[in-house]
Every structure is written in structure tokens, then in C-alpha cells.
Amino acid sequence: MVPTARVKSLGGRAALLLGAILMTAGCVTINIYFPAAAAEKAADRIIDGVWQLPNGQGKTAPADGDRQ
Amino acid sequence: MTRSALRLVVTWALLAGGAGQLQAQGNLEIDTPAISSLRASMQQRHQQIASHYESGAIGLTRDGLVTVRDANQVPLPQRGRLSALVAAENRDREALYREIARANGHAEWREQVQATFAQRWIDKARPGWWVQQADKGWAQR
């Protein structure tokens with residue numbers, strides 16, 4: 001009786017541990033969410049380069065900046 | 001016993017979630033050869049496209065691409081060149097979004113990268129340029 005209960009509880013604990021591992025793995029996989037702020041920063045760097053904007057923020061550049 | 005194990009699981013999950021969030025705070029990788037060559041190509045093309053943005057012949061779409069908005073701004077013989085410019089620019093932009101996602105080990109981020117760029121292209125558009133609005137209509141900056 002006692003050994004059986006013990007085995008059962010051990011099995012329960014193993015199942016719990018397995019659950020914990022799976023849950024953690026799931027969290028790690030799912031929680032790598034899209035880094036929006038970093039993406040915005042990257043986009044700004046690239047757009048400033050392509051459009052030859054003075055590396056200012058999202059504001060409009062000085063007038064006739066890209067006209068020769 | 002079970003309760004403490006449960007607490008362990010919860011703590012573990014929270015820690016793992018926190019680690020994932022911390023990891024995502026850095027910069028995105030945009031310095032790969034593929035991305036650099038796309039940037040250079042787009043920068044060079046911009047010299048030919050800029051005047052079309054100003055005339056309204058080309059507009060910035062809501063999805064991070066460009067399109068011929070008003071072909072009448074361009075003399076008939078040059079319209080083929082106009083649409084070739086648009087097609088080439090869109091090819092580069094699509095490739096850019098794909099390459100940024102891939103360079104950061106998450107090819108599935110492509111759509112979100114594109115959405116981020118879409119917003120920033122429009123935010124940074126110069127006065128006088130045409131940008132597509134949420135209702136698909138056009139507005140001049």
C-alpha cells in the first residue's frame with residue numbers, strides 16, 4: 001500500500017516535472033516575440049540611408065534637402 | 001508537496017518568459033552582405049524615384065511598397081520606365097524585409113518587419129509626397 005502510493009506519487013512528480021519542462025520550452029519558443037522597438041530603429045537607420053535623410057528622427061527633413 | 005512543485009513550475013515559466021523578453025531588447029541585425037547590397041541598390045534608385053514621389057506619379061503604399069499612383073504625371077514614352085522602377089523597387093523592398101527577418105533567425109518575422117517599415121516609410125515621407133491611408137485613399141504629406 002505504502003510503496004504503491006509512493007510510486008504513484010513519484011510518477012506524479014515525474015509527470016509534473018515533464019510538464020514543467022514542456023511548459024518552459026513552450027514559453028521560450030512562443031515568447032520570442034517580435035522586437036518591435038528594435039525593428040523600428042533598424043527601419044529608421046535603413047530609411048535614412050536610402051532616402052539620404054540627415055540621420056534625424058522621424059520628423060520631416062529640411063526643405064529641398066534631396067534636391068541638388 | 002504538489003503545491004510547492006506547482007510553485008516551482010510557475011516560477012520557472014515566469015523566469016523563462018522574462019528571459020525571452022530580455023533577449024528581445026537588443027538591436028536587429030541589419031549588417032549582412034545581402035542587406036547591405038539591397039540598401040545600396042535602393043539608395044541608388046532613389047535618385048531616379050525621388051522626383052516621381054514629388055510629382056505624385058509614385059506613391060507609398062500602406063504595406064511598405066510603392067506603386068504607380070498617377071501615370072499621367074509622366075510623358076507616355078517614359079511610363080514603361082516608371083513601372084520598371086516601381087517593380088525593381090518593390091523587388092528590393094520585399095527582399096529587404098525577408099532578409100532582415102532571416103538575418104535575425106526568424107524568417108516568420110517577415111510580415112512584421114514589413115509592417116514596421118510600412119509605418120516608418122510613411123512617417124518619414126517628405127512634404128508633398130503621396131502616401132496611402134488606412135482606407136486605401138491617397139493623401140499628400
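A charge sits over a ring if NZ of Lys or CZ of Arg is within 6 Å of the ring centre and within 35 degrees of the ring normal. The legends below describe close-up views of a predicted model.

**View 1. Two arginines of chain B over tryptophan rings.** The charged end of Arg69(B) sits over the ring of Trp130(B), at 3.7 Å from the ring centre. Arg93(B) places its charged end over the ring of Trp121(B), and here the distance to the centre is 3.8 Å. Trp130(B) belongs to strand β3(B), where Gly59(B) stands opposite this tryptophan.

**View 2. Chain B and its elements.** Chain B has four helices and four strands. Read from the N terminus, the order of these elements is α-α-β-β-α-α-β-β. The chain is 141 residues in length, and 45% of them count as buried. Of the contacts in chain B that link residues at least 6 apart in sequence, 53% are between residues at least 24 apart.

**View 3. The open sheet of chain B.** Four strands form an open sheet with mixed pairing, in the order β2-β1-β3-β4. The edges are held by β2 (66-68) and β4 (138-140) of chain B; each has a single partner strand, so one side of each has no neighbour in the sheet. On average, and with direction ignored, neighbouring strands of this sheet are turned by 40° against each other. Strands of a sheet pair through backbone hydrogen bonds, in either a parallel or an antiparallel sense. For β1 (residues 58-60) and β3 (residues 130-132) of chain B the sense is parallel, with two bridges between them. Helix α2(B) packs on the sheet and touches β1, β2 and β3 of chain B. The direction of α2(B) makes about 85° with that of β1(B).

View 4. Helix α2(A) covers residues 36-50, which is 15 residues. From first C-alpha to last it reaches 21 Å, close to the 21 Å expected at 1.5 Å a residue. Which residues of α2(A) are buried? They are Ala38(A), Ala39(A), Ala42(A), Ala43(A), Asp44(A), Ile46(A), Ile47(A), Asp48(A) and Val50(A). An α-helix has 3.6 residues a turn, so residues three or four places apart point the same way.

View 5. Over all chains, a search of the whole structure finds seven aromatic pairs. One of them is the edge-to-face pair of Trp51(A) and Trp129(B), with 4.8 Å centre to centre and 90° between the planes. Trp51(A) lies in the segment after α2 of chain A, and Trp129(B) in the loop between α4 and β3 of chain B, so this pair joins two chains. Trp51(A) has 1% relative accessibility and counts as buried. Trp129(B), also at 1% relative accessibility, counts as buried. Trp129(B) forms a further aromatic pair with Tyr53(B), and this pair is tilted: the centres are 4.6 Å apart and the planes make 35°. Because Tyr53(B) lies in helix α2 of chain B and Trp129(B) in the loop between α4 and β3 of chain B, the pair ties together parts that are 76 residues apart in sequence. Tyr53(B) is buried, with a relative accessible area of 1%.

View 6. Most residues other than glycine have a negative phi. Gln52(A) is not a glycine, yet its phi is positive, near 55°. Gln52(A) lies in the segment after α2 of chain A. Is Gln52(A) partly exposed or buried? At 45% relative accessibility, Gln52(A) counts as partly exposed, because partly exposed covers the range between the 20% limit for buried and the 50% limit for exposed. In chain B, Lys136(B) has a positive phi of about 75°, although this residue is not a glycine. Lys136(B) is found in the loop between β3 and β4 of chain B. With 59% relative accessibility, Lys136(B) counts as exposed.

Definitions and conventions:
Residues are numbered from 1 along each chain as its sequence is written. Chains are lettered from A and ligands numbered from 1 in the order in which they are written. This is a predicted model: local features need pLDDT of at least 70, side-chain atom pairs count only at pLDDT 80 or more; totals for chains, interfaces and linings use all residues. Side-chain values use heavy atoms; hydrogens and water are left out. The expected span of a helix is 1.5 Å times one less than its number of residues. Buried means under 20% relative accessible area, exposed over 50%, partly exposed in between (1.4 Å probe, protein chains only). Two strands pair if DSSP finds at least two bridges between them. Axes are lines fitted to C-alpha atoms, for helices over the stretch in contact, and angles run from 0 to 180 degrees between N-to-C directions. Contact means heavy atoms within 4.5 Å. Rings of Phe, Tyr and Trp (its six-membered ring) pair if their centres lie within 6.5 Å; planes under 30 degrees apart count as stacked, over 60 as edge-to-face and the rest as tilted.
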